[in-house]
Amino acid sequence: MNKATQLSWLPSITKQLIQKDLVRNFVTFVDNLSRGDLAAKYSPINKPEQKFSVSNIEKEMYIEPASYKRYDAYVDMMNSINLDMAMNNLTQFMPLFDEAYMELGYEQGTFVTTLSLAIDEMLEAPIIRNPIKLVAPSAMYK
């Protein structure tokens, strides 16, 4: 945990990291992310405190712009990571990551490939410039 908090110059990173089962949660989160799935239950960071909000415009539902801002702190955290230190830590702790990855049923040495796929998935995320229209066919928005 101490190494993880040293990766960023932001003091808020310590309060954002979930300390229990950090490596297992990170590995499970990355595994899901590599396939385009967001497994919030296994996120290595705390979810935003602010609630998701919707605005109604002319009988249509849209994501409230404030809902996007809930993630600004996480983007700042990602941008603050010392990449050299992160790579050194990844190399140093790879056996631990591989062990957690093998607990999911994968072969040793394959976590780094999955991590690469997850990074590619994040880099493909669209930049939102227009309001996003929602539908609410049930309890969840689409």
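A: Helices here are DSSP runs of H or I with at least four residues, strands are DSSP runs of E with at least two, and both are numbered from the N terminus. By that rule, the protein has seven helices and three strands. This is a predicted model, in which local features need pLDDT of at least 70 and side-chain atom pairs count only at pLDDT 80 or more, while totals for chains, interfaces and linings use all residues. Residues are numbered from 1 along each chain as its sequence is written, and side-chain values use heavy atoms, with hydrogens and water left out.

From the N terminus, the order of elements is α-α-α-β-β-α-α-α-α-β. The protein has 142 residues, of which 29% are buried (buried is under 20% relative accessible area, exposed is over 50%, partly exposed lies in between, with a 1.4 Å probe and protein chains only). Among contacts with a separation of 6 or more, 61% join residues 24 or more positions apart (a contact is heavy atoms within 4.5 Å).

The part to look at is the loop between helix H3 (22–33) and strand E1 (54–57), where Ser34 is found. Is Ser34 buried or exposed? Its relative accessible area is 15%, so Ser34 is buried. A polar atom of the Ser34 side chain lies 2.7 Å from the backbone oxygen of Asp31. Beyond residues up to four places away in sequence, Ser34 touches Thr114, Leu117, Ala118 and Glu121.

Tyr42 is in the loop between H3 and E1 too. Tyr42 is partly exposed, because its relative accessible area is 31%. Which residues does Tyr42 contact, leaving aside neighbours within four places in sequence? They are Asn25, Phe26, Thr28 and Phe29.

Three strands form an open, antiparallel sheet in the order E1-E2-E3 (two strands pair if DSSP finds at least two bridges between them). E1 and strand E3 (133–134) each have a single partner strand and stand at the edges, so one side of each is left without a neighbour in the sheet. Strands of a sheet pair through backbone hydrogen bonds. Strand E2 (residues 60–63) and E3 run antiparallel and are joined by two bridges. Tyr62 stands opposite Lys133 in E3.

Now the surface. Met78, Ile119, Met122 and Leu123 form a nonpolar patch with about 410 Å² of accessible area together. Patch members have over 30% relative accessible area and no salt bridge; like charges are joined within 9 Å, nonpolar side chains (Val, Leu, Ile, Met, Phe, Trp, Tyr) within 5 Å. A salt bridge is a side-chain nitrogen of Lys or Arg within 4 Å of a carboxyl oxygen of Asp or Glu. Helix H7 (residues 111–123) gives the largest share of the patch, three residues. Ile119 is in helix H7. At 38% relative accessibility, Ile119 is partly exposed.

Finally, helix H6 (residues 83–103) holds Thr91. Thr91 counts as exposed because its relative accessibility is 60%. Its C-alpha is 9.7 Å from that of Val112, 21 residues apart along the chain.

Technical notes. Accessible areas come from the Shrake-Rupley method with a 1.4 Å probe; for residues, only the protein chains shown count as cover. A polar contact is a pair of N or O atoms within 3.5 Å; within protein, one must be able to donate a hydrogen and the other to accept it, and residues adjacent in sequence count only if both atoms are side-chain atoms.
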